[in-house]
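Please open the model in your viewer and keep the selection panel at hand. The stops below are meant to be followed in order.

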Amino acid sequence: MLSVELRPARPVAHALGGRLSLALVNSVLWRRSADPIERITDYPSLAGYVRDAGGIDDTALSALETEAAADPAAAQAALGRALALREALFRLFSAVAAGEEPEGADLAVLDRAFRAGMRQLRVGVGSGRGYRPGWTGLDVPAWESAADAVAVLGSPDVPPLKQCPGESCGWVFVDESRNHSRQWCDSRMCGNRARARRHYQKKKA
């Protein structure tokens with residue numbers, strides 16, 4: 001098989017993980033707790049979340065919302081595929097961050113989503129001058145995220161992939177700190193919790 005590289009992965013807000021595919025994974029808050037918080041509950045929230053993360057623009061969001069309203073069953077099916085991809089990416093990125101071999105089944109989920117998107121990719125007129133590739137259809141959020149995930153995993157330009165060690169967290173992110181020393185999703189949240197826990201245990205001992 002000929003090896004190719006996709007670069008660069010699309011940067012998004014630092015607070016969401018730094019890349020679009022990581023932002024999708026991080027749409028479940030406190031994932032490892034007894035009460036995780038799901039931020040994607042229906043198709044409109046999926047499309048809106050990906051827009052807010054920078055994966056699509058307002059025009060694409062409006063088109064997706066219109067298409068979803070016209071065919072709720074198709075929108076529900078697309079939502080299911082996007083969430084299945086998200087869960088596979090969580091396990092895959094968790095393994096990579098831990099230096100472990102990802103499960104073949106999770107790679108297969110990513111591969112199917114990526115290849116499905118590539119088959120639908122078309123070149124059209126972009127905003128301003130020039131042309132750009134793009135997709136249409138309810139699976140755009142999943143295809144955008146899959147293409148980004150492949151770039152995250154395969155591009156040498158992407159900073160190290162890490163996972164927050166907070167016992168209730170599981171947040172994944174690219175470490176863009178100067179010397180790649182970032183440990184926590186947010187040192188004021190999981191970092192402070194861990195420090196407080198250590199202080200309590202030390203006092204108790």
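This is a predicted model: local features need pLDDT of at least 70, side-chain atom pairs count only at pLDDT 80 or more; totals for chains, interfaces and linings use all residues.

Begin by selecting Tyr-43, Leu-46, Leu-85, Leu-89, Phe-93 and Leu-110, the residues with the most contacts inside the largest nonpolar core, which has 44 residues. Helices H1 (20-25), H2 (43-52), H3 (58-70), H4 (72-97), H5 (104-120) and H6 (140-154), together with strand S6 (172-174), each supply at least two residues of this core, and H4 gives the most, with 9 residues.

Turn now to the salt bridges, of which a search of the whole structure finds 10. Select Glu-176 and Arg-19, whose closest N and O atoms are 3.5 Å apart; Glu-176 lies in the loop between S6 and helix H7 (187-204) and Arg-19 in the segment before H1, so the pair ties together parts that are 157 residues apart in sequence. Glu-176 is partly exposed, at 45% relative accessible area, whereas Arg-19 is buried, at 6%.

Move on to Asp-175, which forms a salt bridge with Lys-162 at 2.7 Å between the closest N and O atoms. Asp-175 is buried, with a relative accessible area of 0%, while Lys-162, at 21%, counts as partly exposed. Finish with Arg-31, Glu-38, Arg-86 and Glu-87, which salt bridges with shared partners join into one network.

Notes. Residues are numbered from 1 along each chain as its sequence is written. Side-chain values use heavy atoms; hydrogens and water are left out. A nonpolar core is a set of buried Ala, Val, Leu, Ile, Met, Phe, Trp, Tyr and Cys residues joined through side-chain atoms within 4.5 Å. Buried means under 20% relative accessible area, exposed over 50%, partly exposed in between (1.4 Å probe, protein chains only). Helices (H or I, at least four residues) and strands (E, at least two) are DSSP runs, numbered from the N terminus. A salt bridge is a side-chain nitrogen of Lys or Arg within 4 Å of a carboxyl oxygen of Asp or Glu.
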